[in-house]
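Have the structure open as you read, and take the topics in any order you like.

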Amino acid sequence: MNVYDSQRMADLAALEGFEEAAAVEDADLIVLNTCHIREKASEKIYSELGKLRDLKDERRKAGRPTTLVVAGCLAQAEGAEILRRQPAVDVVVGPQSYHRLPELLRKAEVRSGVIDTDFPVEEKFSRLPASRPEATAKRGVAAFVTVQEGCDKFCSFCVVPYTRGAEASRPVGAVLDEIGRLTSAGVREVMLIGQNVNAYHGLDRAGRTTDLAGLIAAAAAVPGICRLRYATSHPNDMSEDLVAAHRDIETLAPHLHLPVQSGSDRILASMNRRHCVADYLDIVARARAARPDIAFSSDFIVGYPGETEADFEATLDLVRAVGYASSYAFKYSARPGTPAAEMYGQVDEVVKVARLARLQALLEEQRRAFNGACVSRRLEVLFERPGRHEGQVVGRSPYMQAVYAEGPLSFVGALAEVEIIGVGPNSLRGRVVSPTS
Ligand code: SF4
């Protein structure tokens, strides 16, 4: 989502006459768009801001003023603290108010230290300018479109409800218009994104509430779209209609990123995930019944407060039961202000490291097995860019794997049927059987 937000901020800056600079040293305006999910985010940002303060000083001495903006979830979480710790910052803007960037920049011309950390989500989407076709064309054939933001789930470990605010969905028409502009600029694949994307509940042009399955069906009808994806989903919002969309909508990729976080019901309850392991496995079974070739990926947290060896073993059991194509696993780390940060039973770091290594080894084994099983299969690949070697093009399979194949540059932007002939550490090799479009 930060990639999408950064592009939209670039669109806003373009309206103010800015062009994208080739190097940070050449930039009159620098926006750090921050994430707060990973550990030590604030330390990294303050260290980066120290370097940018020095750059700003050098440029000022050379008569080239610089405006320094901190945006994103860390800006939302830290607010005025950023200005206190680094006075060289001119503007602090949260993820739900960056549509006001032009007016904030104007305010920063007359006074230093402008802050905006409001939550006007609907206002943001209605006021953002249309994405620039020339910028979109440069960005390639696959694009993100934010359809939903914020989250009401309040998982005990997560900062998102505090930094992105309550769930809000964009209207169907606005999403379709944006997808239409993207396809006109050459985009073929769109990933519909939201912190809790399958909680989507936007209004259509007739004022009726539409769920994510309805939005996907409408997006699939936009001329030029050849592949749709969505992320990230919560198990509790996997409706029957959404499962059926994987059966009925040809352009919807057979890939579902469905975070589970833990395979222990006790830990899931403590995380306030509001579902149990059986619920999750039931969704996996229903999705596989609807679309037998569907692949799964997930997110896992190990070493959550109170996690015992038995809880961790239950996570390994769940991974073995599902069989993932790829996944992300992290050690639990406390986020200030979240309930889990204050919980009794914080797990020793040595234990967390050991559990993470065991889980990652199993997930890696499954990833390799999944990739290996693709050999000799024919997959639809959307070619996105030239490869490192001449005469080579690179694209993505329906399962997000990078696929390299011999082919002319004219294949970029085309969907092709590709026979998989080999597996590398992080990619597949294929032979184009027939360009399909
Ligand atoms: S559903 Fe996802 S975004 Fe929402 S609180 Fe839980 S982990 Fe965070």
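**Rings, cores and a helix pair**

Let's start with a charge and a ring: arginine 85 sits over the face of tyrosine 46, 3.7 Å from the ring centre. Please keep in mind that this is a predicted model.

**Aromatic pairs**

- Counting rings whose centres lie within 6.5 Å as pairs, there are six aromatic pairs.
- Tyrosine 304 and tyrosine 332 form an edge-to-face pair, because their planes stand at 75°, with the ring centres 5.4 Å apart.
- This pair links distant parts of the chain, 28 residues apart: tyrosine 304 belongs to the loop between β13 (295-302) and α14 (309-322), and tyrosine 332 to the loop between β14 (326-331) and α15 (349-373).
- Are these two tyrosines buried or exposed? Tyrosine 304 is buried, at 0% relative accessibility, and tyrosine 332 is buried as well, at 4%.
- Phenylalanine 370 and tyrosine 399 also pair edge-to-face, since their planes are at 90°; the ring centres are 5.2 Å apart.
- Phenylalanine 370 is in helix α15 and tyrosine 399 is in the loop between β16 (392-396) and β17 (402-406), so this pair ties together parts 29 residues apart in sequence.
- Tyrosine 399 has a relative accessible area of 4% and is therefore buried, as the limit is under 20%.
- One aromatic cluster is made up of Phe157, Tyr304 and Tyr332.

**Nonpolar cores**

- Which residues touch the most other members of the largest nonpolar core? They are Tyr230 and Tyr324, in a core of 63 residues.
- Helix α13 (residues 277-290) is the top contributor to this core, giving six residues.
- Leaving aside residues up to four places away in sequence, tyrosine 324 touches Val260, Tyr280, Phe296, Ser297, Ser298, Phe300, Leu318, Val319, Leu363, Gln366 and Arg367.
- Another core, of 20 residues, lies apart from the largest one, and its members include Leu12, Val93, Leu105 and Ala231.

**Helix packing**

- The axes of α14 and α15 are 10 Å apart and meet at an angle of about 5°.
- Angles under 35 degrees count as roughly parallel, so α14 is roughly parallel to α15.
- On the α14 side, the contact is made by Glu309, Phe312, Glu313, Thr315, Leu316, Val319 and Arg320.
- On the α15 side, Arg355, Arg358, Leu359, Leu362, Leu363 and Gln366 take part.

Key
Residues numbered from 1 in each chain as written. Predicted model: local features only at pLDDT ≥ 70, side-chain atom pairs only at ≥ 80, totals over all residues. Heavy atoms only, no water. Phe/Tyr/Trp six-rings, centres within 6.5 Å; stacked < 30°, edge-to-face > 60°. Helix = DSSP H or I, 4+ residues; strand = E, 2+ residues; numbered from the N terminus. Buried < 20%, exposed > 50% of the residue type's maximum accessible area, 1.4 Å probe, protein only. Lys NZ or Arg CZ within 6 Å of the ring centre and 35° of its normal. Core = buried A, V, L, I, M, F, W, Y, C linked by side-chain atoms within 4.5 Å. Contact = heavy atoms within 4.5 Å. Axes fitted to C-alpha atoms, helices over the stretch in contact; angles between N-to-C directions. Parallel < 35°, antiparallel > 145°, perpendicular 65-115°, else oblique.
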